[in-house]
There are 2 protein chains.
Amino acid sequence: MRKVLTLDTINPNLIKVEYAVRGPIVDRALQIEKELKQGVSKPFKEVVKCNIGDCHATGQKPVTFIRQLTAVTTLPNLFDDKSIPEDAKSRAMAILSGCSGSSVGSYSHSLGLEVVRRNVAKYIYERDGVESNWEDIFLSNGATEAVKVLMQMISSGAQGNARAGVMIPIPQYPLYSATNSEFNNYQINYYLDENDNWALSRTELERALAGAKKECMPRAIVIINPGNPTGQVLSRQCMEDIIKFAVEHELVLLADEVYQHNVYQPEKFPWTSFKKVLSEMGSNYADKLELASLMSCSKGYMGECGFRGGYCELINFDPDVKAQLFKALSARLCPPLLGQVAMEAVVNPPKPNEPSYALFVKERDAVLNALKEKAELTYNSLNSLPNMSCNPVQGAMYAFPRIHIPPAAIQEAKIIEHSSGKCIFSLLQNYLSVQESSFSLDDNVIRTVPQNQMK
Amino acid sequence: MRKVLTLDTINPNLIKVEYAVRGPIVDRALQIEKELKQGVSKPFKEVVKCNIGDCHATGQKPVTFIRQLTAVTTLPNLFDDKSIPEDAKSRAMAILSGCSGSSVGSYSHSLGLEVVRRNVAKYIYERDGVESNWEDIFLSNGATEAVKVLMQMISSGAQGNARAGVMIPIPQYPLYSATNSEFNNYQINYYLDENDNWALSRTELERALAGAKKECMPRAIVIINPGNPTGQVLSRQCMEDIIKFAVEHELVLLADEVYQHNVYQPEKFPWTSFKKVLSEMGSNYADKLELASLMSCSKGYMGECGFRGGYCELINFDPDVKAQLFKALSARLCPPLLGQVAMEAVVNPPKPNEPSYALFVKERDAVLNALKEKAELTYNSLNSLPNMSCNPVQGAMYAFPRIHIPPAAIQEAKIIEHSSGKCIFSLLQNYLSVQESSFSLDDNVIRTVPQNQMK
């Protein structure tokens, strides 16, 4: 029967979207889980899904303070519960005073509760020593929503080489390629340097941009720091280079800084926000760069992905553009109130003189130490495997190993390719089940490259 | 200083978006609230915001069962709390068993927790007596997200008369015009008949569609039932007419049914789902119409707007299209877990033999009875005012009064218009501060019409 909506009639941009983090690998994992439940015998009993930074799914425990604060705001009877400490109650009271009808069941302002936005600004100020205006901050449905609305706003709505160009790192977090497709932005890939611990160089940025200039109107560059999925923490020099590059080429900088608490060797590889670096580079840069910084309650020591809490700070944006962005956000009414509550706990955690402090520090440090241990374990394990190598995991929650294919295997694959007519890359891809990318073969090393760059 | 992002470079569709529910009137209300806090003297002490169905903001109390369920899933220590009844605990247990790592801090499947989707299907089956497949249901961030993603999918991505056309009622809920602008759909206005209690007639639908056919590719019709902001409940005959119209003209039907619990005269004006009516019309229609039905935990007796819970059921959609839609949803990871929990409470409320039942029924009925009283009060009050009239509020949470301008006032306004050069409509608009619309003057009656229809 003929349908109204078919692949020929629906939005072609949606068809172009690829989002492998939630794609076939997850589907296969769910299928295996079902088989295990049905009693199918396998050499393992459980599926641990590490395709995404889903901390609680892999056994990390929630931080008590965050949950107590959320529970009291949800069920105000708990103000009478003696097991809930006073600092959780006082914050809950402040939040409920800011909620219409003193209920988290009411809509908040479309940019989020003023009390939380003010505490986000305070958190940023204490982190960076740089002023932050709470009215430049909007709360979002995870950092994801902020990414989507920024990418949508950057989109020119035009076709061909009038499309907006957005630079993204390769390897990347697939949200960026997905939202570029969704809003028909031209994706400009810049490559992180695996041999220099996934650093990015001005030379590579210039190369990528020059190659794309005839294809689009370059408008923005996405930087993920600490790196997802590459785990590096950018050096100050590298960040200054990026800022200079963005200002000189008139690009907005989207700084994905959601892993700012996940830094495992802070003495050797400290994390600094782009805002702080920018503020220290003098007015030639500090007053010019349009910078959006993203944060989330899903990562760090919190791992509260399901709460869908996040924020975005906009720096140096044109007030008219900010007004348009804020208007667009108003049509979705407001971010989830309990995600805002979780964000409040993150930006306004227990203080040393408060009753929750000791437990909070203990739980936070236990999570961060465990993540640090896992980072080292992953690094050591991958490097102990034959034909594998991996850079150290300085931050975030991911390792991105390199697979060295022995020359004999390549030789054999080439013979199969020749005799079967099948592409060697697809054979390898099937074998390795790597996420969003296909392969290129280069000096006996398999590298992931986005499919649109495949020859 | 020149900015990268300006009104000339950003996405022009976002600039076209209008969303008056969250626009200047709310801004003015917030300003007045601030003035009151600062001690400015006014003839009132409080601002009650009725621009949107924000129930808790206007004093409605949350339903205890929903909050208990949410609190236990959030803070599992509460399983030991004797004041939380067993039925809330058993549902919380079922939800947590469906959560990765037994935590609402983990991501769910991108379409929502299977346990909740299955209970949504059961709820629909019990409501309609028609089978519902849980895999056709996705949970959403309020009904709003479902509307947005459907409108985005329907968009052809093309320009000019290759744009997708979407029929929406006038008066409407401004989310529909906003998302049409956002995704560049051509908006086809059909007018509800105020003289027939906001019913819609096939004649009017045919008129509206015929007039738009050369401008766009008509693809969908939005029906809001019970009506927002018009408060009518559609008759079965009217619903059958709409279904026939949609099938004959090959239109997808988007049924906004979020007010399905807000029906104030069920004996005289019962509410029926489009799915049920469709299923009883024989296979010529039942197997053909592509129907999307939207529901939310923000309305009804719940009013849990801040939780951002909702669902959408897709009926007769092409599997390939459904797969594309579900893939697009996967990029935003998942709906807020606690919104899913609230939805679970709505579709799986306490049963007569369960401990929460008595209190649940008492609270639910208290809210619905109060809303019914307010509906009558509003109707009577508006009709008692000079030069005002209003249809009865049969459902939803809104009244849409008619303002009759006395002939002498019109005469005077015309003189002002002549002498001042100011438009009579804008003078009246300033005076009346009506939301998203401007006015047309017709038989001494002021009618709201969308601005793009103004002469």
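Visitor: Over residues 99–403 of chain A, how far apart are the end C-alpha atoms?

Guide: This is a predicted model, in which local features need pLDDT of at least 70, side-chain atom pairs count only at pLDDT 80 or more, and totals for chains, interfaces and linings use all residues. Residues are numbered from 1 along each chain as its sequence is written, chains are lettered from A and ligands numbered from 1 in the order in which they are written, and side-chain values use heavy atoms, with hydrogens and water left out. Over residues 99–403, chain A is 40% helix and 16% strand (helices, H or I with at least four residues, and strands, E with at least two, are DSSP runs numbered from the N terminus). The distance between the end C-alpha atoms is 52 Å.

Visitor: Which name does UniProt give to residues 99–403 of chain A?

Guide: The name comes from an unreviewed UniProt entry. UniProt positions are given in the numbering used here, feature names are shortened, and annotations may be inferred rather than shown by experiment. The entry lists these residues as "domain: Aminotransferase class I/classII large".

Visitor: How is α3(A) oriented relative to α3(B), roughly parallel or roughly antiparallel?

Guide: Two packed helices are described by the angle between their axes and the distance between the axes. Helix α3 (residues 64–74) of chain A and helix α3 (residues 64–74) of chain B pack at about 175°, with axes 9 Å apart (axes are lines fitted to C-alpha atoms, for helices over the stretch in contact, and angles run from 0 to 180 degrees between N-to-C directions). Angles under 35 degrees count as roughly parallel, over 145 as roughly antiparallel, 65 to 115 as roughly perpendicular and the rest as oblique. The orientation of α3(A) to α3(B) is therefore roughly antiparallel.

Visitor: How many residues of the contact of α3(A) with α3(B) are charged?

Guide: From α3(A) the contact uses A:Arg67, A:Thr70, A:Ala71, A:Thr73 and A:Thr74, and from α3(B) it uses B:Arg67, B:Thr70, B:Ala71, B:Thr73 and B:Thr74 (contact means heavy atoms within 4.5 Å). Ala, Val, Leu, Ile, Met, Phe, Trp, Tyr, Cys and Pro count as nonpolar, Asp, Glu, Lys and Arg as charged, and the others, Gly among them, as polar. In this contact two residues are nonpolar, six are polar, and the number of charged residues is two.

Visitor: What span should helix α5 of chain A have?

Guide: Helix α5 (residues 114–128) of chain A has 15 residues, and the expected span is 1.5 Å times one less than the number of residues.

Visitor: Which residue with a positive phi follows α5(A)?

Guide: The buried residues of α5(A) include A:Val116, A:Ile124 and A:Asp128 (buried means under 20% relative accessible area, exposed over 50%, partly exposed in between, with a 1.4 Å probe and protein chains only). Among the elements that cover the buried residues of α5(A) are β1 (137–141) and α13 (337–347) of chain A. After the helix, with phi near 70°, comes A:Gly129.

Visitor: Is A:Trp198 buried or exposed?

Guide: Most residues other than glycine have a negative phi, and most peptide bonds are trans. A:Trp198, in the loop between β3 (186–191) and α8 (202–212) of chain A, has a positive phi near 60°. Because the relative accessible area of A:Trp198 is 4%, the residue is buried.

Visitor: To which residue does the cis peptide bond from A:Ile170 lead?

Guide: The omega of this bond is near 0°. The residue reached lies in the loop between β2 (164–170) and α7 (175–182) of chain A.

Visitor: How far apart in space are A:Val63 and A:Ala345?

Guide: A:Val63 is found in the loop between α2 (24–37) and α3 of chain A, and the residue is buried, with a relative accessible area of 0%. Not counting residues up to four places away in sequence, A:Val63 touches A:Tyr301, A:Phe360 and A:Glu363. A:Val63 and A:Ala345 are 282 residues apart in sequence, and their C-alpha to C-alpha distance is 9.9 Å.

Visitor: Which residues does A:Lys276 contact, leaving aside its neighbours within four places in sequence?

Guide: A:Lys276 lies in helix α10 of chain A and, at 24% relative accessibility, counts as partly exposed. Leaving aside neighbours within four places in sequence, A:Lys276 is in contact with A:Asp128 and A:Val130.
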